[in-house]
Amino acid sequence: MNKNIAIVGAGLTGLVAGYRLSQKGYKVTIYEKNDDIGGLMGSFKIGDTTLEKAYHHIFKTDKYIIGLIEELGLSDKLKWHEEKTALYYDGQIYPFMGAIDLLKFKQLDLISKIRLGLVKIWLEKDNNWEKYNGVTAVEWMKKYCGEKGYGVIWEPLLRGKFHEYYDKISMAWLWARIHTRANSDGYLGYLDGGFQQIADKLAERIKKNGGKILLNTEKRVWASQTPTLHTGPLKEAAYLGAVCVVFTSKQSLSPYYWHNINDSKSPILCFIQHTNLVDKKQYGDKHVYYMGTYGDSEQSVDNWFDYLKKIYPNFIGPEEKWVFRFKNAQHIVTTNYKVPKYKIGKNLYQANFAQIFPEDRGMNFAVREGEKVAGVVKI
Ligand SMILES: Cc1cc2nc3c(=O)[nH]c(=O)nc-3n(C[C@H](O)[C@H](O)[C@H](O)COP(=O)(O)OP(=O)(O)OC[C@H]3O[C@@H](n4cnc5c(N)ncnc54)[C@H](O)[C@@H]3O)c2cc1C
C-alpha cells in the first residue's frame with residue numbers, strides 16, 4: 001500500500017497513532033517542533049537516569065498504557081508502589097489516604113466528614129457520568145458535601161487546576177477523576193528508568209516500519225495538502241499552561257509521595273517527593289522533588305522555595321533545580337463540554353488530549369486516543 005501520512009507532534013498520541021499506522025503499512029513522517037520526543041510526558045536526565053519534566057505515575061485501572069507497556073516489552077520495569085498522599089491545610093500536613101485519615105482530620109466537623117465520605121462512595125459507585133455534565137463541579141459539590149467540606153477539600157483543587165475557570169468546570173470531569181481512581185486499589189505505577197522508554201520504543205518501532213521522525217520541525221497543518229494527522233493543541237479547545245520545578249536534595253522532607261496544597265495563598269498546587277515512590281538509588285542517592293501548578297506557563301517561580309520553607313522550616317534549599325514550562329497542559333472542560341471531532345477535512349485528522357472527556361487527561365487515554373484515531377484514518 002505505502003500511502004504517505006504526516007503526523008504533527010511526537011507526544012504520546014502522535015507516537016501511538018504513528019506506530020499503529022506504520023503497522024498497517026502507511027509511510028509515516030512525524031514532525032515535532034521540539035528537539036525531543038514525548039511532549040508533556042517528555043523527560044530530561046538526572047545523572048544516568050531519565051526523569052519526566054512533570055510528575056507522572058499511572059493507576060492499575062490504566063489498561064491502555066499497561067497493555068502498551070506489555071507490547072513494547074517493558075513490563076518487567078513497571079513497578080507498583082503504595083500511594084502515600086497528604087494534605088497541607090492551615091499550616092499543617094495531614095495524611096490523607098482513606099476514610100480513617102478523613103475521620104481524624106481535625107479541621108472539619110463530623111457532619112462535613114460524613115458528607116464528604118458519602119459523596120466519594122456515591123461517585124465511585126455511580127457509572128452514569130452524563131447526568132453530571134450540565135452542572136458545575138462547584139454547584140454540585142457545594143450542594144452535596146456542604147459549604148465547609150467543599151471549601152476545604154474541593155475548592156483548592158478546582159482553583160489550583162483551573163484558575164479563573166474553576167467555577168465553570170463540568171462536574172462530569174470531577175466525577176471521572178473520583179470514579180476512576182476509586183477502583184485503583186491505592187497503588188501507583190512507575191516505569192523504572194522513566195516513561196520516556198515508552199516514547200523511545202515507539203520511535204524505534206516506527207523507524208523499523210519505515211517511518212521518520214523529524215525534530216525541530218514546526219509544521220503548519222491547515223494549509224497542508226498531504227494527508228495529515230494533527231496532534232498538537234486543537235483550535236476548538238482552550239488550554240491552561242503548567243509549570244513544574246524539579247529539584248534534588250540529600251534531605252528527606254516528608255514521609256509522603258503526593259501533597260495537595262490546600263491553601264489559597266500558595267503559589268503551588270502540589271508538592272511531590274518522587275523518591276517516596278521510586279528508590280532514590282536511581283538518582284545517585286539523592287531525593288527528587290517536584291513543585292507544580294497550572295495557569296500561566298510564564299508565571300514567576302521566585303517565591304516557590306520560600307513557600308516550601310514555610311511548610312518545612314528545616315529545608316536548607318535545593319542542590320540542583322530545573323524549571324519546566326508547558327504552554328498547553330490542560331484543556332478547560334466547562335459544562336456541556338463538546339469533544340472535538342477526529343476528521344476535520346478531506347485527508348485532515350486531529351487527535352489530542354482535548355478529546356479526552358470526561359476522564360482526566362493522562363498517558364493512558366493518550367494511548368487510547370492514538371489507537372482510536374489510527375483506526376479512523378482512511379486515505
Ligand atoms: C503537570 C502534568 C502532570 C501530568 N501528570 C500525569 C500523570 O501523573 N499521569 C499521566 O498519565 N499523565 C499525566 N500528565 C498528562 C500526560 O502527560 C498527557 O496527557 C500526555 O502526555 C498527552 O499527550 P499528547 O500527545 O496528547 O499531547 P502532547 O504531549 O502535548 O503532544 C503534542 C506534541 O505536539 C508537538 N507540536 C505541537 N504543535 C506542533 C506543530 N505545529 N508542529 C510540530 N509539533 C507540534 C508538541 O511539541 C508536542 O510534542 C501530566 C501532564 C502535565 C502537564
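# Loops, helices, domains and ligand shell

Asp-285 sits in the loop that runs between strand E14 (270–273) and strand E15 (287–295). The model is a predicted one: local features need pLDDT of at least 70 and side-chain atom pairs count only at pLDDT 80 or more, whereas totals for chains, interfaces and linings use all residues. Residue numbers start from 1 along each chain as its sequence is written.

## Backbone features in loops

Asp-285 is not a glycine, yet has a positive phi of about 65 degrees. Asp-285 counts as exposed because 11 C-beta neighbours lie inside 10 Å. The cut-offs are 20 or more other C-beta atoms within 10 Å for buried, 12 or fewer for exposed, and partly exposed in between, with C-beta atoms placed from the backbone.

Asp-90 also has a positive phi, near 50 degrees, and is a residue other than glycine. Asp-90 is in the loop between strand E7 (85–89) and strand E8 (92–95). Asp-90 is exposed, since 10 other C-beta atoms lie within 10 Å. Most residues other than glycine have a negative phi, and most peptide bonds are trans. The bond between Phe-357 and Pro-358 is cis, with omega of about 10 degrees. Pro-358 belongs to the loop between strand E18 (348–350) and helix H9.

Thr-226 is in the loop between strand E10 (212–214) and strand E11 (228–230). With 13 other C-beta atoms within 10 Å, Thr-226 is partly exposed. Beyond its neighbours within four places in sequence, Thr-226 is in contact with Asn-4 and Ala-6; contact means C-beta atoms, placed from the backbone, within 7 Å. Ile-121 is 105 residues from Thr-226 along the chain, and 50 Å separate their C-alpha atoms.

| Helix | Residues | Length | Span | Expected span |
|---|---|---|---|---|
| H4 | 110–125 | 16 residues | 23 Å | 22 Å |
| H7 | 196–208 | 13 residues | 18 Å | 18 Å |

In H4, Ser-112, Lys-113, Leu-116, Val-119 and Leu-123 are buried. Down the axis of H4 these residues fall within an arc of 125 degrees, so they line one face of the helix. The arc is that of the directions from the helix axis to the C-beta atoms. Leu-110, Ile-111, Leu-118, Trp-122 and Lys-125 are exposed on the face of H4 turned away from the buried side. Cover for the buried residues of H4 includes helix H3 (99–104), helix H5 (137–162) and helix H6 (171–182).

The buried residues of H7 are Gln-196, Ile-198, Ala-199, Leu-202, Ala-203 and Ile-206. They line one face of H7, because they fall within an arc of 160 degrees seen down its axis. Glu-204 and Lys-208 are exposed on the other side of H7. Among the elements covering the buried residues of H7 are H1, strand E2 (27–31), strand E3 (43–46), strand E4 (49–52), helix H2 (63–71) and E10. Just after H7 comes Gly-210, with a positive phi of about 95 degrees.

## Domains

The chain is divided into domain 1 (4–81 + 192–237 + 339–376) and domain 2 (98–185). These bounds come from an automatic or database domain assignment. The domain centres, taken over C-alpha atoms, are 31 Å apart. At the contact between the two, 6 residues of domain 1 meet 11 residues of domain 2. The domain 1 side has 2 nonpolar, 1 polar and 3 charged residues.

## The ligand shell

Around the ligand there are 35 residues, and the closest are Gly-9, Gly-11, Gly-39, Gly-232 and Gly-362. Two or more residues each come from helix H1 (12–23), strand E12 (239–249), strand E16 (320–331) and helix H9 (363–376). The shell has 16 nonpolar, 14 polar and 5 charged residues. Ala, Val, Leu, Ile, Met, Phe, Trp, Tyr, Cys and Pro count as nonpolar, Asp, Glu, Lys and Arg as charged, and the others, Gly among them, as polar.

Ala-10 lies in the loop between strand E1 (4–8) and H1. Ala-10 is buried, with 28 other C-beta atoms within 10 Å. Leaving out residues up to four places away in sequence, Ala-10 touches Leu-15, Ile-30, Glu-32, Ile-37, Gly-39 and Ile-213. Ala-10 and Gly-232 are 222 residues apart in sequence, but 8.9 Å apart in space, C-alpha to C-alpha.

Methods:
Helix = DSSP H or I, 4+ residues; strand = E, 2+ residues; numbered from the N terminus. Expected span 1.5 Å × (residues − 1). Near = placed C-beta within 6 Å.
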